Amino acid sequence: MAVEFRVLGAVEAVTGAGRIELGHARQRCVLAVLLMEANRLVTADQLLERAWRDRRPRRDAVYSYVSRLRSALMPATEVRIERRSGGYLLAVDESLIDAHRFHALVARARRADNDEQTLALLDEARNLWRGPAFADLDTEWLASARAALEVEREAVENEWTDVALRCGRHERLVPTLTLRTGDRPLDERAAGQLMLALYRGGRQAEAVRHYHVVRAGLADELGTDPGPELQDLYQRILTTAPDLDRPSAPSAQRLPAPRQLPPAPADFIGRADELATLTSALEAAIAAGRAPVIFALAGAGGMGKTWLALHWAHHQLDRFPDGQLFVDLRGFSPGGEPVAVAAVAREFLAALGVAAGRIPPDLTGRTAMLRDLLADRRMLIVLDNAEDAAEVTPLLPGASASAVVVTSRRQLTGLVVRHGARHLVVDVLAEREARELVTTRLGADRVAAEPEAVVDLLQACAGMPLALGIVCARAQLASGEPLSALAAQLRDEGQRLTVLRDEDPEASLPAVLSWSARALPSEQAAVFALLGLAPGPDIGLAAAASLTGGPHRDTGVRLAALAQASLVERTAADRYRMHDLVRLYARDSVSDDDVRRSALRRVTDFYLHTAYAANRILTPHALPLDLDPPVEGCVPQAVRDNAEAMAWFDAEHACLMATQQVAADHGWHRVVWLLTRILNTYHIRRGRHGDELASCRAGLTAARRLEDVATVITATRRLGDAFLRLGEHDAALTHLHQALALAEDSGNPFEQAQTHRFLSMARAREPDGRREALEHAKRALDLYRAVDFGPGVAEALNLVAWQAAHVGEHEFAREQCLASLPLYRSQDNRDGLAAALDSLGYIDAMTGRHADALANYEQALGLFRTLGNDYQVADTLEHIGALHAEIGQPDQARTAWREAEILCRAQGRDADSDRLRRQIADLG
């Protein structure tokens, strides 16, 4: 079978180079794609996507098909397939291809000097059609291209009819239009053309009769009346309006160069990276001959997308001598619906000099004419505030040297996928840029006079340009008041949005945010509102599902939609965060207290139960805690192993701390205390001693509200340990002695044992406290044995060994340490086992058994690393470094101490970090 270069006609047509015989349907699909993209680069991936319907072959199969096409095209000197970087290009005179010739003729017709020339050129374009394009080719892309060509053909048919009517050919048109309206009885444009042709042919009654036929058909089929244009024509036919006579052909005019850009924004600050990205992408596209260039700027309301677009556009005017077009599509604006695309196309055509009488009445005709007028021009088009890609696509130029900048609160994925748009997220200003903006607006002297207030202003606005602009405007209007007064209002979350509200909706942050929220479907709006309540700086998908009480899948879809609408940002796999001001707006939109409380209880239970399950994996030997079942709608997350548990705690730690505060605010005291218990292991492993102190303080407050003596003892002891880890020795001893006194008064030997163990560690920090530390450790061991608590016995044995080693009782220490090892193993207490191996390494090092010491240290280090216990990793590395230094291996000592120092510094252990640096320096 032959394949034509003419694309639009029957496959038997040939070019001047002769017929090309291609028997394979997929080869014809590949050639059809290359022909439609003539003289433009097509990547191998694009060929696979467009030329195969399903079951696409491997990427390298494209090379085989293209190679065979090259061989088949060898006799055709006018056509050749060139291999380019990234894909293939079919080089050909486009006048040989009907599709491209059709577009060229239509473009010439619309620029013709008079209607007779226009009619002749449109006639030539129409005569290229001999049937559906790619009639026997079945891929989705080719079907879409076929449908698009058919739409353009119909638009040209309508335009040709309009011109023919203007040229007085109404008699010849009546039969054709009668057939067309018979095929499409509800086509109001064809009906109007037939009515006008009948009227001008002296058949007024038939024109009126046809109107009533169309009106009845619309009523029966659609339950509607004819549109205003057809009704107006009907009235003018009834009254024999003079303007229905044949109009004179308008004379051709030179197309004007419109200058529609609004003024460039004053005091534009920052965005250097974004501006550079836009400019470099434009220059690269121009250099490569790729056009048009489309930029899609996406971001939340108030991020300054329009300002960025206008500032950049005003600096590119010399590149676009044929003018600029601008429209606010009002996709997210107060009062009213988005601007109709057909209306925008009409305004653009008018700006380009098209007389009102020549502007097609339908969107398809208008966009086709617009593309033709832009084809040979270099224009800059700014489509501001778009609601979605569908609103923008009809306004895009075709083959043109123009550039388009689209701004939207949505991520216009369709523009990126289908039209190769460059996507650019417009986010908050950097702290330096935000400060520069405030300084420019308020003056350097005023900013320097109140530096602390300025810091508060910047923090409250969190880099959002609109918020910064509103705050600066308020400060300028109240020039006699100190900035500290405004800062105080902004620090209060309850007042912050009130300060940023204004009667002018364009200058009111809540109003701007409301336009985005208003556009959300109800399910997405509900998720958006509840996300404002979520504790912590971000949220994962599983937590969000419990917060909203919905299935994971539905929640994921709605979160993705909110990210698409720039109301949340996806920061990592299945994690989302809100800008602080957007969060406040969302939170305030939940007015029902019961809804608030239920959502917070679900997400609190999610964090509590998931954290407990993760901690059970970290400490399987620990006593279980008694938790109430999770509330309805809460689905805790499954955690499988130690690594996954630590990773979950790493990701959710800030949210867990915030959840503890939410629980405290709502009087859920038992939840507060349970979270203190659960977070302890993670805090110790990661060396997060400041967080442990904050958690323990909240835990002790909650424990006292619970009025349970054992809980208060444990909470007091844990707070003492937290102080000890931070080096606050006096506060640690105070709380530990309080805990011991409470345990003794209540006759609780278990709590006494626990507290003696912590007192042993505290006394060991004192210059002469090792003997007393050893006695506390022995007392703890006796009490644990008395209550038959195996995990405590193992811990106490290791502690006795450690303290005994430091007072020189090495053999006793080794005996106690060795006794702890089988207990730890039987309890699956890997933290304890690693600690005991570290102790044994220390005892061996003190008694000259260097090889044994190093082996035990390395075992301990491997376990601590596996467990993610960074705090103990640092301690064991310090011990290993000391051993290497003692036996004359400075390089190995230096390596161990350097890693230990880095870990200590990251954990805020400044004294340990300083000591390690001194030791490294002493090595020379």
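Student: Which side chain does the side chain of Arg894 make a polar contact with?

Tutor: In this predicted model, the side chain of Arg894 makes a polar contact with the side chain of Asp891, at 3.0 Å. When you look for Arg894 in the structure, go to helix α41, which covers residues 890-906.

Student: Is Arg894 buried or exposed, and which residues does Arg894 touch if residues up to four places away in sequence are not counted?

Tutor: The general idea is to compare the relative accessible area with a cut-off, since buried means under 20%. Arg894 has a relative accessibility of 15%, and therefore it counts as buried. Leaving out residues up to four places away in sequence, Arg894 touches Ile920, Leu923 and Gly924.

Student: How should I read a salt bridge, and how many does the structure hold?

Tutor: Look for a side-chain nitrogen of Lys or Arg within 4 Å of a carboxyl oxygen of Asp or Glu. The structure holds 46 salt bridges, and one of them is formed by the side chains of Asp362 and Arg189, with 2.5 Å from N to O.

Student: Why does the pair of Asp362 and Arg189 tie together parts that are apart in sequence?

Tutor: Asp362 lies in the loop between α13 (341-351) and α14 (363-374), while Arg189 belongs to helix α8 (residues 188-200), so the pair ties together parts that are 173 residues apart in sequence. As for accessibility, Asp362 is partly exposed at 22%, whereas Arg189 is buried at 14%.

Student: What separates the closest N and O atoms in the salt bridge of Arg688 with Asp691, and how accessible are Arg688 and Asp691?

Tutor: The closest N and O atoms of Arg688 and Asp691 are 3.0 Å apart. Partly exposed is the class between buried, under 20%, and exposed, over 50%. Arg688, with a relative accessible area of 32%, is partly exposed, and Asp691, with 24%, is partly exposed as well.

Student: Which residue forms a salt bridge with Glu772, and is Glu772 buried or partly exposed?

Tutor: Glu772 forms a salt bridge with Arg763, and their closest N and O atoms are 3.3 Å apart. Glu772 counts as partly exposed at 37% relative accessibility, but Arg763 is buried, with a relative accessible area of 13%.

Student: Which residues do salt bridges that share partners join into one network?

Tutor: When you trace such shared partners in this structure, you find Asp123, Arg126, Glu150, Arg153, Glu157 and Arg180 joined by salt bridges into one network.

Definitions and conventions: Residues are numbered from 1 along each chain as its sequence is written. This is a predicted model: local features need pLDDT of at least 70, side-chain atom pairs count only at pLDDT 80 or more; totals for chains, interfaces and linings use all residues. Side-chain values use heavy atoms; hydrogens and water are left out. Helices (H or I, at least four residues) and strands (E, at least two) are DSSP runs, numbered from the N terminus. Buried means under 20% relative accessible area, exposed over 50%, partly exposed in between (1.4 Å probe, protein chains only). A polar contact is a pair of N or O atoms within 3.5 Å; within protein, one must be able to donate a hydrogen and the other to accept it, and residues adjacent in sequence count only if both atoms are side-chain atoms. Contact means heavy atoms within 4.5 Å.
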